[in-house]
Amino acid sequence: MDIVGYTADHLRAAAVDAVRAPSLHNTQPWRLRLRDGGIEVLADPTRRLPATDPSGWGVRVACGGALFNLRMALAVAGIPARVRLRPNPAEPDLLARLVPDIPRRPSPAEQSLYAAIPRRFSNRMPFWPDPVPADARWRLGDAARAEQCWLELLIGVSAVAAFGEIARSAHRVLDRDPAYRIEREQWLRREPAPDGVPTSAGGPQSEPQDLLPTRGFGGRDRAPGRDFEPEPLVGVLGSVGNTAVDQVIAGQALQRLLLTATDAGLSVSMLSQPIEVPAAREQLRLSLGRFGTPQMVLRVGYGQPGRPTPRRGVEEVLDLPVVPA
């Protein structure tokens with residue numbers, strides 16, 4: 001039986017999974033709206049980071065991740081969606097609209113990705129030295145390709161070291177901005193909160209010899225002079241272009257990749273500093289020799305168990321039609 005339109009119950013059920021997407025500083029910059037039988041994903045400009053994300057790139061990538069979770073939730077419920085990106089140019093914060101497609105049973109891949117949603121988290125702790133096997137690396141690349149993006153894995157010490165130089169330089173540029181440092185501190189949570197980054201999830205404090213930079217979200221100190229991680233696996237996720245639509249597409253690819261990694265038993269954390277600095281992003285693109293635009297950098301490996309960061313209540317992000325009394 002065809003579904004004419006989504007209902008408020010459909011939206012509430014799927015929104016539980018949508019809000020599990022990652023976002024810069026765990027700001028959760030999305031709103032979900034039910035209108036004319038369709039579910040719409042909107043950017044929430046009140047949760048944008050002016051110093052860290054002045055262009056809104058991070059908001060659109062995060063909303064793309066929430067959109068992918070919505071797609072999986074609706075597919076597993078047997079009511080998959082057809083998606084149109086940026087459906088109304090006059091409404092720039094409206095990033096996607098989902099309407100019911102032909103009902104069908106979910107595929108095994110959709111079921112596996114959906115099951116990974118509540119288990120996914122950003123692991124900022126050092127990873128074990130065990131290498132990521134070739135089949136897992138292929139699955140990650142396949143996840144990016146399935147969403148019209150590409151993934152470049154940096155293989156070898158020299159490639160990772162060259163990237164590390166770009167990333168550390170970008171980190172220094174950002175950290176010289178007082179507004180950036182203040183903003184980071186504002187989203188650090190030392191007490192329980194429904195958003196922001198808890199100090200317990202911040203990872204160890206950085207040391208001068210570290211190959212890759214860390215944000216410094218209040219994690220614990222470690223022994224001076226000790227390496228954070230000697231040979232991390234680093235991947236660069238990129239899209240064909242860098243329009244608002246490309247960034248939403250990249251967010252969907254990022255979330256598919258993260259859920260694929262979770263399903264494979266891998267841990268991932270994200271390094272966006274070289275993406276946030278335009279000159280560093282271009283330097284990274286040139287170093288890869290790829291067409292398109294880098295959209296996120298990922299550190300992948302086998303890590304110790306952890307837990308997802310908190311999320312706001314679903315009702316806080318929903319816009320539902322007013323039902324007449």
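## Salt bridges

A salt bridge is a side-chain nitrogen of Lys or Arg within 4 Å of a carboxyl oxygen of Asp or Glu. Glu 276 and Arg 215 meet that rule: their closest N and O atoms are 2.3 Å apart. Glu 276 belongs to helix α8 (residues 273–276), while Arg 215 sits in the loop between β7 (197–198) and β8, so the pair ties together parts that are 61 residues apart in sequence. Are the two partners buried or exposed? Both Glu 276 and Arg 215 are buried.

This is a predicted model. In total, the structure holds 21 salt bridges.

## A pair in helix α9

Glu 282 forms a salt bridge with Arg 285. Here the closest N and O atoms are 2.7 Å apart. Both residues lie in helix α9 (residues 278–288). They are three residues apart, about one turn of the helix. An α-helix has 3.6 residues a turn, so residues three or four places apart point the same way.

How accessible are the partners? Glu 282 has a relative accessible area of 35%, so it is partly exposed. Arg 285 has 22%, and it is partly exposed as well. The cut-off matters here: buried means under 20% relative accessible area.

Elsewhere, salt bridges with shared partners form one network. Its members are Arg 33, Arg 35, Glu 40, Glu 91 and Arg 97.

## Helix α4: length and sides

Helix α4 covers residues 134–146, which makes 13 residues. At 1.5 Å a residue, α4 should span 18 Å. Its end C-alpha atoms are 18 Å apart, so expectation and model agree.

Which residues of α4 are buried? They are Ala 136, Leu 140, Gly 141, Ala 143 and Ala 144. These residues cover an arc of only 150° around the axis, which puts them on the same side of α4. What do they pack against? The buried residues of α4 pack against β5 (149–154), β8 (233–239), α7 (244–263) and β10 (293–301).

The face turned away from the buried side carries exposed residues. These are Ala 134, Asp 135 and Trp 138. Just after α4 comes Gln 148, which takes a positive phi of about 65°.

Arg 145 and Asp 142 are three residues apart in helix α4, so about one helical turn separates them. Arg 145 has 40% relative accessibility, so it counts as partly exposed. Asp 142, at 39%, counts as partly exposed too.

The charged end of Arg 145 sits over the ring of Trp 138, 4.2 Å from its centre.

## Charges and rings

The charged end of Arg 299 sits over the ring of Phe 127. The distance to the ring centre is 3.9 Å. How many aromatic pairs does the structure hold? The number is zero.

## Ser 206 in its loop

Where is Ser 206 placed? Ser 206 lies in the loop between β7 and β8. With a relative accessible area of 40%, Ser 206 is partly exposed. Ser 206 and Ala 193 are 13 residues apart in sequence. In space, their C-alpha atoms are 24 Å apart.

Note on methods:
Residues numbered from 1 in each chain as written. Predicted model: local features only at pLDDT ≥ 70, side-chain atom pairs only at ≥ 80, totals over all residues. Heavy atoms only, no water. Helix = DSSP H or I, 4+ residues; strand = E, 2+ residues; numbered from the N terminus. Expected span 1.5 Å × (residues − 1). Buried < 20%, exposed > 50% of the residue type's maximum accessible area, 1.4 Å probe, protein only. Arc of directions from axis to C-beta. Contact = heavy atoms within 4.5 Å. Phe/Tyr/Trp six-rings, centres within 6.5 Å; stacked < 30°, edge-to-face > 60°. Lys NZ or Arg CZ within 6 Å of the ring centre and 35° of its normal.
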